[in-house]
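Let's take a friendly walk through this model, with ring pairs, a pocket and a loop residue as our stops. Please keep the viewer open as you read.

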Amino acid sequence: MGVVLMTIGSAVRAQEADSTVTLQKSSWGDAETSEQTDYIPDIYLDSRVGYNHYFPDGAGRFGATGLYLDINGNISPRLSYSFNHIIAADYFDIMPLGFDATQWLNLTYEVSDFSITMGKLSSIVGNFEYDADVLDAYFDMNSMFYNMFDCYQWGLEAGWYPADNHSVLFQFTNSPIATADTQFGYNLAWRAEWDCYEPYWSVNMWQFGKGEYMKGLNFGNRFHFGGFDCDIEYMARGVQMKRFFCDDFNLIVAPSYSFGEWLRVFGKFGWEHTSEDLPYELAYEEYKGGDYIYYGAGLEFFPFEECRDVRIHAYWAGNNFGDNMMNIGVRWKLDLTSTAEKLFGKRD
């Protein structure tokens, strides 16, 4: 960490002496004259720790969801990179090594209203539940699909941004449910944002055998009414189109209310149905072949008005199979770039 801080500090001092920085292109359109490319990377350490308690047996333990290194930055006005690596995680039986522990590692080139990205990507699934960062997700309140689907895959992504807050993305990657080499996945998604409504929809095809594909149709919808938000989402998956809405699907309703910037209360209800003879593994074996009902409620508290990088949470979750648990914990994010700027930057 000391080496990282000194490296960033040197970059901070170097940029202070450079008054000829190139203009940066906006994510959604042409460059603003006031925007300048910042070549200092944003580097974070991100973690969540807490206490789990299971009912009715009374078992409990302290632990951490994980510790992550996140780096984002620019190489040129149109070329950017993003990197996220698992340093440690509590949800693996055996901690992955090498690139298996890298969640994403990619390079993006932007020109006009288009972008091209290559590297390790997060597969596009039109669903706000699945789109949540792992440290913002409470696993016992999520679908089996969320907990079992390995979305991080190597491949290519093309993006088109036809208007402000509208994006169309296409991905060609290794299949997340592949059983052999030369099996690929295809993802097409549209996402938009208005004052009261955010749609996030996708169609997906993931290969799991020779000429065999799992098809997915996902409708993520988020509604805003003042401090009240509500996600209403539907996902359907299957191999045969005639059984597309029968074999594997889930429905999610997730309301929440924010009291200013310091408190958010939330709830969630999910219904997931799976057939016993699914040819791919995206459901727990003990829950497969019927309905999985999951639900819960909780709150998130931000104790420091000037900093949202510390969050305290508490939630309860259960399901129709008798599982019942409570979790209390804290998420914290260390901004290494900001720390270096304070250590090595100009002082008044």
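## A loop residue and its contacts

Contact here means heavy atoms within 4.5 Å. The model is predicted, so please read each value as computed from it.

With that in mind, which residues does Asp 309 touch, not counting those up to four places away in sequence? They are Arg 331, Trp 332 and Lys 333. Asp 309 itself is found in the loop between strand 14 and strand 15 (310–319). Along the chain, Asp 309 and Trp 332 are 23 residues apart, yet 5.6 Å separates their C-alpha atoms.

## Aromatic pairs

A pair of aromatic rings is described by the distance of the centres and the angle of the planes. There are 36 aromatic pairs in the structure. In one of them, the ring centres of Tyr 130 and Phe 145 are 5.6 Å apart and the planes meet at 55°, so this pair is tilted. Tyr 130 belongs to helix 2 (residues 128–131) and Phe 145 to helix 3 (residues 144–148), so the pair ties together parts that are 15 residues apart in sequence. Both Tyr 130 and Phe 145 are buried. They also belong to a cluster linked by ring pairs, together with Tyr 91, Phe 92, Phe 139, Tyr 146, Phe 149 and Trp 206.

Now turn to Trp 262 and Phe 301: their ring centres are 6.1 Å apart and their planes are at 90°, so the pair is edge-to-face. This pair links distant parts of the chain, 39 residues apart, with Trp 262 in the loop between strand 12 (248–259) and strand 13 (263–274) and Phe 301 in strand 14 (residues 290–301). Trp 262 is partly exposed, at a relative accessible area of 47%, and Phe 301 is partly exposed as well, at 30%.

## Charges over rings

Two arginines are worth a look. Arg 191 has its charged end over the ring of Tyr 200, 4.6 Å from the ring centre. The charged end of Arg 308 sits over the ring of Phe 302, 3.8 Å from its centre.

## The second largest pocket

The second largest pocket holds about 820 Å³ of space. Its lining has 32 residues, and those nearest its centre are Asp 136, Arg 222, Asp 231, Arg 264 and Glu 300. By class, the lining has 15 charged, twelve nonpolar and five polar residues. Helix 2, strand 11 (228–238), strand 12 and strand 13 each supply at least two of the lining residues.

Technical notes. Residues are numbered from 1 along each chain as its sequence is written. This is a predicted model: local features need pLDDT of at least 70, side-chain atom pairs count only at pLDDT 80 or more; totals for chains, interfaces and linings use all residues. Side-chain values use heavy atoms; hydrogens and water are left out. Rings of Phe, Tyr and Trp (its six-membered ring) pair if their centres lie within 6.5 Å; planes under 30 degrees apart count as stacked, over 60 as edge-to-face and the rest as tilted. Helices (H or I, at least four residues) and strands (E, at least two) are DSSP runs, numbered from the N terminus. Buried means under 20% relative accessible area, exposed over 50%, partly exposed in between (1.4 Å probe, protein chains only). A charge sits over a ring if NZ of Lys or CZ of Arg is within 6 Å of the ring centre and within 35 degrees of the ring normal. On a 1 Å grid over the protein atoms alone, a cavity is a set of points where a 1.4 Å probe fits but cannot get out, and a pocket is an open set with protein on both sides within 12 Å along at least five of seven lines; lining residues have an atom within 4 Å of a point. Grid points are joined across faces, edges and corners, and a volume is the space filled by probe spheres set on the points. Ala, Val, Leu, Ile, Met, Phe, Trp, Tyr, Cys and Pro count as nonpolar, Asp, Glu, Lys and Arg as charged, and the others, Gly among them, as polar.
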